[in-house]
Amino acid sequence: AGSPLYMSPEQATGDTVDERSDIYSLGLVAYYLLTGRSLFEDEKPIKVLLAHAHEDPSPPSQLNPEVPHDLDEVVLRCLEKLPELRFQSVTELAAALNDCRAAGDWSRDQALAWWQNFGCPMKKQLDAQVLEGALV
């Protein structure tokens, strides 16, 4: 089970999943954070699932030219169709991210500011309601 927007190819086709499926899904989250769009979008969930199983991803830099080449490569490796071509562990993924030229460029304060400006609108609305005391 899960959201078709964030399912791995092996989930979409009913094959065996493991931690590399989570790495694919994490790559989808990274793609969204870097581009502001889901990798595959369609009104019909089955078409999204088929795209995960069969369509090649576009590099995030095609939608956001500010994405560095090395980060593009990391995200695309997370999005490999075959699990054996993805990072084999989150430790391996973390090392690759730390090797990117932009690693360490963001502070926690910058991340918080980004989230406040661009984060999930539904969460922002809930946060505002809580701060206003609208929720009991």
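A nonpolar core is a set of buried Ala, Val, Leu, Ile, Met, Phe, Trp, Tyr and Cys residues joined through side-chain atoms within 4.5 Å. The model described here is predicted. Its largest nonpolar core has 18 residues. Within this core, the residues with the most contacts are Y24, L39, F40, V74, L79 and F87. Helices α2 (19–35), α3 (45–54), α5 (69–78) and α6 (90–99) each give two or more residues to the core. In soluble globular proteins, nonpolar side chains tend to be buried together.

The overall fold is helical. The protein holds 8 helices and 0 strands. From the N terminus, the order of elements reads α-α-α-α-α-α-α-α. Along the principal axes, the C-alpha atoms fill a box of roughly 50 × 35 × 25 Å. The chain has 136 residues, and buried residues make up 27% of them. Among contacts with a sequence separation of 6 or more, 52% join residues 24 or more positions apart.

F87 was examined next as a member of the core. Neighbours within four places in sequence were left aside. On that basis, F87 is in contact with R20, I23, V74, R77, C78, E92, L93 and A96. V74 is, like F87, among the core residues with the most contacts.

R20 counts as buried because its relative accessibility is 18%, and the limit for burial is under 20%. Beyond four places in sequence, R20 touches E10, P83, E84, R86, F87 and Q88. R20 and A53 are 33 residues apart in sequence, and their C-alpha atoms are 15 Å apart in space.

R108 has a relative accessible area of 76%, so R108 is exposed.

The largest share, 8 residues, comes from α2. By residue class, the lining divides into 25 nonpolar, 7 polar and 2 charged residues.

Cysteines were checked for disulfides. The structure holds 0 disulfides. For C78, the closest cysteine sulfur is that of C100, at 10 Å. A disulfide needs the two sulfur atoms within 2.5 Å, so the separation of C78 and C100 is too far for a bond. The search from C100 leads back to C78, again at 10 Å. Both cysteines fall in the buried class. C78 is buried, with a relative accessible area of 3%. C100 counts as buried at 7% relative accessibility. C78 is also one of the contacts of F87.

Key
Residues numbered from 1 in each chain as written. Predicted model: local features only at pLDDT ≥ 70, side-chain atom pairs only at ≥ 80, totals over all residues. Heavy atoms only, no water. Buried < 20%, exposed > 50% of the residue type's maximum accessible area, 1.4 Å probe, protein only. Helix = DSSP H or I, 4+ residues; strand = E, 2+ residues; numbered from the N terminus. Contact = heavy atoms within 4.5 Å. Nonpolar A, V, L, I, M, F, W, Y, C, P; charged D, E, K, R; others polar.
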